[in-house]
Amino acid sequence: MAETKSLKEQNAWLIRAAMIAHIIAFVWIALEPGKLFKAGSVELGKRLEGLALPGSASLGIIVIASLLLLGLIPPDWRDRIIHLRWYNPLPGCRAFSVIGPKSSHVDMQALTARIGLLPNDPAAQNRLFYRLYKPLRDDIGVCDAHRRYLAARDIGTISALLVMPLPIMTMIVTHNAARSGWYGVLLLLTYLFSALAAKNYSYRMVQHVLALTAAQDLTSPATPSP
């Protein structure tokens, strides 16, 4: 039987693509576009294509750089950066108090009948949500939303880490404050859009888990409350 890849392994190519995009953007901003095309657009395209070739030194550097950037930030901090919450940043912490009640396809009454009294404490909500998520994690809808959430979260984290250093490096190279400033704005927007996408995907994952749990037959074993 073929080994199933983890969600992070499935997202690896997306993280590498994001790193390549950052490299291309930095080279484009740091050097005048006209100078890039003087070398020939065909030759430039070949060089950029070579960044992503399997086994190439460039791809190896990109993989190492992405591992180091993500390794600098623990998962809890990535969630804080994306959700802009210091305490209880995970979406499961608001599963029963915010996300479920606001979802049109989650039957909260059926969910309460299924599970019992739903907790209000964020940490307790997250513990209960994990109990519900674990047996449903291989469901297509849940797995897809979770995978997309992790990808958007990691891309947003990388963008957040680069918001300050890359514009400073661009300023050093170009001595152009306006270009460096606009580059910083572009990186900030990339982070904000990634954070918004990650938040939406995380909510979708929670909604799928709650909806599936509420729709289960009451005669089947229920997940106990914490």
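Contact means heavy atoms within 4.5 Å, and helices (H or I, at least four residues) are DSSP runs numbered from the N terminus. The model is predicted, so local features need pLDDT of at least 70 and side-chain atom pairs count only at pLDDT 80 or more, while totals for chains, interfaces and linings use all residues. Residues are numbered from 1 along each chain as its sequence is written, and side-chain values use heavy atoms, with hydrogens and water left out.

In helix H7 (residues 95-102), the buried residues are Ala95, Phe96, Ile99 and Gly100; buried means under 20% relative accessible area, exposed over 50%, and partly exposed in between (1.4 Å probe, protein chains only). Viewed down the axis of H7, these residues fall within an arc of 105 degrees and so line one face of the helix; the arc is that of the directions from the helix axis to the C-beta atoms. Their cover includes helix H8 (108-115), helix H9 (122-133) and H12.

Helix H9 also holds Phe129 and Tyr133, four residues apart, about one turn of the helix. Aromatic rings of Phe, Tyr and Trp (its six-membered ring) pair if their centres lie within 6.5 Å; planes under 30 degrees apart count as stacked, over 60 as edge-to-face and the rest as tilted. Phe129 and Tyr133 are stacked because their ring centres are 6.3 Å apart and their planes lie at 25 degrees. Phe129, Tyr130 and Tyr133 form one aromatic cluster. Phe129 counts as buried at 6% relative accessibility, whereas Tyr130 is partly exposed at 44%.

Helix H12 (residues 177-215) contains Phe193, which counts as exposed at 58% relative accessibility.

Definitions and conventions. Helices (H or I, at least four residues) and strands (E, at least two) are DSSP runs, numbered from the N terminus.
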